[in-house]
Amino acid sequence: YGFINTCLQSLVIEKFGEETWKKLKTSAEVQDAFMTYTVYDDIITIKLIQEACNILGVSMEAILKLFGEYFFQFCKMSGYDRMLRTLGGNLMEFIENLDALHSYLALSYQEMNAPSFRVERGTDGKMFLHYYSDRSGLCHIVPGIIEAVAKDFFDIDVTMDILDMNEEVERTGKKEHVVFLIVQKARGKMRKTKTNRLQDNQGIERDQEAFQSALLRMKEKYLNISACPVKKSHWDVVRSIVMFGKGHVANAFEPVYPERLWIEEKTFCNAFPFHIVFDASLQVKQAGVNIQKYVPGLQTQKIQLNEYFSIIHPQITFNIFSIRKFINSQFVLKTRREMMPAAWQSQPTLKLRGQMIWMESMQCMVYLCSPKLHSLQELEECNMHLSDIALHDTTRDLILLNQQRLAEMELSNQLERKKEELRVLSKHLAIEKEKTETLLYAMLPKHVANQLREGKKVAAGEFKSCTILFSDVVTFTNICAACEPIQIVNKLNSMYSKFDRLTNVHAVYKVETIGDAYMVVGGVPVPVGSHAQRVANFALGMRISAKEVMNPVTREPIQIRVGVHTGPVLAGVVGDKMPRYCLFGDTVNTASRMESHGLPNKVHLSPTTYRALKNQGFQIIERGEIAVKGKGKMTTYFLIQNLNATEDEIMGRPKTPRDHKGKQKREALSLVLRSFSTNYFRYVQCLQGQHR
């Protein structure tokens, strides 16, 4: 169930972090979230565990044991704390009742395929735990769970070692059979041992050798034990468990039995309407009244129990020896359909759930049971009524409570599905919102867009100093006349896309494009002191990028004019429909004049921009005094290059080691050529002097 995968997810996130879980999830190729009551393939869980081993660099055994420890804590946090605490008064009782707990949980988790446990008492407080499972390779989860339970519930420290592991031969269902040796640690001895180990390293080796030797002897002793347990009366078994576990019952407790049984046979069969007594050969000796009603064959004398029933749980061979071996397990029997009357064979088969009790003096087994029903619907399908179940039998209450529980689970499952759908929709909505914001921020400054989105009015702002750039394409009118419109659009789109990338490289704001005109500003809407340098570098990048776009008429690189001016502006949003962030002021006009009075492939600077770039590492030459429309005479300048930045830096290209080596080679070659030119010039002068 998704509960298991959710637990594993919680473990990884808590112990190793969210990023590790994302990496693990991606590597295992599993979904983002798991729903508690949804059944998932075991392969998903196995893949997650295997990938966790690879990513974390730890063994499968360590991961599974860690998962077992965390799974116990996760169950407690999920509301199963009280249910687990009441399973038994000691560790042995706790383990003996695990199968019963799984049987109860199967009412809610009907597809659950749980492991099975059987515990045997050994000498000196040792226990043998038999673990049966359909899933191979997961047995190392068990020590993690049992050790955590012993520590938390019973305040004892235990160690668990595998004595034997094989394919199941005793049972007909669960295929993996693992036997664990459980040994309780003595705390005083543990502290003494720790002191000795700190004092003497040789003691460590002796302790380890002694432990391994004892473990080997215990394993040999276990493997030599007869498969058939020593026969004891039921009450002797109960008393020994109480004495061994030191449970709630006082050690000196002794039960009192009557001299004779004060109940009539008829009354007993009515009081326990679902019970069967059978001998060692499985011959039925006695049966309750209602079990006779729904399994008519039991009224016949001298019938074999295995003719009418098969054992569903535990999955063992149907004989008295296997039943006695698993006497502490909860038994589920199912009627054989072929033995039912023909009119009943279309109905669901009857399942019984209960306890086997061996009666030593009579050499018979009594099976006290009740119908195994999950809901009122199953009760109706079996043509049964609540009145068929004894008043003292809690199965009546269980059916009614589980009916309500199933309805609550269905609602919970629906809510969980809706929650997952909302999570997926929310994720998609966040992606679409990000796309929308990206588009919005491409049209308006971020802070302006946020204010407009909140329904606020955006006040106009005055910027005392900024740098504005205009550019246009030389002979654009002639190009338009000679080309198809689609060619013009494609060429402008290609060129403007390159310019747009440069705005991100140099952190300048693109105001607008109108036809072939491209307008950029530095220092607006976010004031910066280096706005002139940023726009200058952007202009140099524009000039380089334009060379990569071909003129469709001449088949040569497109030529552009660039004009730059620095000064104050007023900026604000204009319009309600398709609002634009616009700049106003004489600075805009002057920048436009710099562009219109410029030359092809030149970056034309106004005097104020020249002063802003002076002594900032740029090569600038004076153009001279020219007449500017509406401005009169002005001394303007041409920007040549940035002396402190390479072309790759201007264009925002990533640096590579190969480029660095190429640069070194070019610099070396340039040095050689300069040296050669100098020497050659001196040689020519020398020859001229000799000629004179």
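N601 lies in the loop between α21 (586–596) and β16 (602–605). Helices (H or I, at least four residues) and strands (E, at least two) are DSSP runs, numbered from the N terminus. The model is a predicted one, in which local features need pLDDT of at least 70 and side-chain atom pairs count only at pLDDT 80 or more, while totals for chains, interfaces and linings use all residues. Residues are numbered from 1 along each chain as its sequence is written, and side-chain values use heavy atoms, with hydrogens and water left out.

**Backbone features in loops**

N601 is not a glycine, yet its phi is positive, at about 60 degrees. With a relative accessible area of 25%, N601 counts as partly exposed. The cut-offs are these: buried means under 20% relative accessible area, exposed means over 50%, and partly exposed is in between (1.4 Å probe, protein chains only).

R555 also has a positive phi, near 60 degrees, and is a residue other than glycine. R555 sits in the loop between α20 and β14 (560–574). Its relative accessibility is 66%, so R555 is exposed.

Two cis peptide bonds can be described as well. One joins H313 and P314, with omega about -5 degrees. P314 belongs to the loop between β7 (309–313) and α14 (320–325). Another joins V524 and P525, with omega about 0 degrees. P525 is in the loop between β13 (517–522) and α20 (531–546).

**Helix pairs**

For helix packing, axes are lines fitted to C-alpha atoms, for helices over the stretch in contact, and angles run from 0 to 180 degrees between N-to-C directions. Angles under 35 degrees count as roughly parallel, over 145 as roughly antiparallel, 65 to 115 as roughly perpendicular and the rest as oblique. A crossing is left-handed if the near helix is turned anticlockwise from the far one by less than a right angle, and right-handed if clockwise.

Helix α1 (residues 2–16) packs with helix α3 (residues 42–56) at an angle of about 15 degrees, and their axes are 10 Å apart. The two helices are therefore roughly parallel. The crossing of α1 and α3 is left-handed.

Helix α4 (residues 60–85) and helix α7 (residues 141–153) have axes that come within 8 Å and cross at roughly 50 degrees. This angle makes α4 oblique to α7. Their crossing is right-handed.

**Salt bridges**

Side chains of opposite charge can pair when their charged atoms come close. A salt bridge is counted when a side-chain nitrogen of Lys or Arg is within 4 Å of a carboxyl oxygen of Asp or Glu. The whole structure holds 22 salt bridges. The table gives three of them.

| Pair | N to O distance |
|---|---|
| E147 and K65 | 3.3 Å |
| K285 and D279 | 3.7 Å |
| K510 and D500 | 3.1 Å |

Which helices hold the partners E147 and K65? The salt bridge between E147 and K65 links distant parts of the chain, with E147 in helix α7 and K65 in helix α4, 82 residues apart. E147 is buried, at a relative accessible area of 18%, whereas K65 is partly exposed, at 30%.

Is D279 buried or exposed? D279 has a relative accessible area of 12%, so it is buried. Its partner in the salt bridge, K285, is partly exposed at 49% relative accessibility.

The salt bridge between K510 and D500 joins distant parts of the chain: K510 is in strand β12 (residues 509–514) and D500 in helix α19 (residues 485–506), ten residues apart. K510 is partly exposed, with a relative accessible area of 27%. D500 is also partly exposed, at 27% relative accessibility.

**A nonpolar surface patch**

Which residues form a nonpolar patch on the surface? L570, V574 and F584 do, and together they have about 260 Å² of accessible area. Accessible areas come from the Shrake-Rupley method with a 1.4 Å probe; for residues, only the protein chains shown count as cover. Patches are made of residues with over 30% relative accessible area and no salt bridge, where like charges are joined within 9 Å and nonpolar side chains (Val, Leu, Ile, Met, Phe, Trp, Tyr) within 5 Å. F584 is in strand β15 (residues 580–584). F584 counts as partly exposed because its relative accessible area is 43%.
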